[in-house]
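Biologist: Can you walk me through this model? I'd like the fold, then a few residues.

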Amino acid sequence: MGLKILLVDDEQEFVETLSERLQMRDMDTHAVFDGKTALAQVQSHPPQVLIIDLKMPGMDGIQVLQQVKQTHPFIQVIVLTGHGSEKDRKTCMDLGAYAYFQKPVDIDQLNTAIRQSHEKTLTDPRDSMGFGRPVDKGFYQP
């Protein structure tokens, strides 16, 4: 089973293409197109890595990042945006994002960041204690 990746972006064609490319790299992806749906998905089926755009209707990516880190700090978040600024990058990193990329992104570079962020989760001392892990849903079962 591949890494569980939740993709959040209102550009449907872009996110579907990205999803296909990540699936070709043995990742299990699911795409949603707004922040509210992303938070519901995180609650019901927490991913290992969340990839979010910043500019979305309703709830923006920074709001999603902030809420995810408050409720599921073990989920690694990678920001992938076409509309970000240096201030946005700093805000995202301060809120706990693992990485911040501008579109277009090199798929191999993104793939590396996804795998490294997941490795970070596996070595996080909170995980060895089961802190915050949704083990009741079997998502992280070996």
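Modeller: We'll take the overall picture, then the sheet, then single residues.

Biologist: What am I looking at, and how are residues numbered?

Modeller: This is a predicted model, where local features need pLDDT of at least 70, side-chain atom pairs count only at pLDDT 80 or more, and totals for chains, interfaces and linings use all residues. Residues are numbered from 1 along each chain as its sequence is written, and side-chain values use heavy atoms, with hydrogens and water left out.

Biologist: What is the mean pLDDT of the protein?

Modeller: The mean pLDDT is 88, and 86% of the residues reach 70 or more. pLDDT is the predictor's confidence in each residue, from 0 to 100. Over residues 128-142 the pLDDT is below 50. That stretch has 22 contacts in the model beyond near neighbours in sequence. Contact means heavy atoms within 4.5 Å.

Biologist: OK. How many helices and strands?

Modeller: The protein has 6 helices and 5 strands. From the N terminus on, the elements run β-α-β-α-β-α-β-α-β-α-α. Both kinds are DSSP runs, numbered from the N terminus: helices are H or I with at least four residues, strands are E with at least two.

Biologist: In which order do the strands sit in the sheet?

Modeller: The order is 2-1-3-4-5, in an open sheet with parallel pairing. Two strands pair if DSSP finds at least two bridges between them. Strand 2 and strand 5 (99-102) stand at the edges with a single partner strand each, so one side of each has no neighbour in the sheet. On average, neighbouring strands are turned by 20 degrees against each other, direction ignored.

Biologist: Start with strand 1. Is it buried or exposed?

Modeller: Buried. 6 of the 6 residues of strand 1 (residues 3-8) are buried, so the rest of the structure largely encloses it. Buried means under 20% relative accessible area, exposed over 50%, and partly exposed in between, with a 1.4 Å probe and protein chains only. Leu3, Ile5 and Leu7 are buried on one side, and Lys4, Leu6 and Val8 on the other.

Biologist: What does strand 1 pair with?

Modeller: Strand 1 runs parallel to strand 2 (residues 27-32), joined by 6 bridges. It also pairs with strand 3 (residues 49-52) in the parallel sense, over 4 bridges. Leucine 6 has histidine 30 as its bridge partner in strand 2 and leucine 50 in strand 3.

Biologist: How does the chain get from strand 4 to strand 5?

Modeller: Strand 4, helix 4 and strand 5 make a right-handed β-α-β unit. Right-handed means that, with the strands pointing away from the viewer, the path from the first strand over the helix to the second runs clockwise. Strand 4 and strand 5 run parallel, joined by 4 bridges. Valine 79 has tyrosine 100 as its bridge partner in strand 5.

Biologist: Change of topic. What does UniProt say about Asp53?

Modeller: The unreviewed UniProt entry annotates Asp53 as "modified residue: 4-aspartylphosphate". Such annotations may be inferred rather than shown by experiment, and positions are given in the numbering used here, with feature names shortened.

Biologist: Last one. Is serine 19 buried or exposed?

Modeller: Serine 19 is buried, with a relative accessible area of 9%. It lies in helix 1. Leaving aside neighbours within four places in sequence, serine 19 is in contact with Leu7 and Thr29.

Notes:
Axes fitted to C-alpha atoms, helices over the stretch in contact; angles between N-to-C directions.
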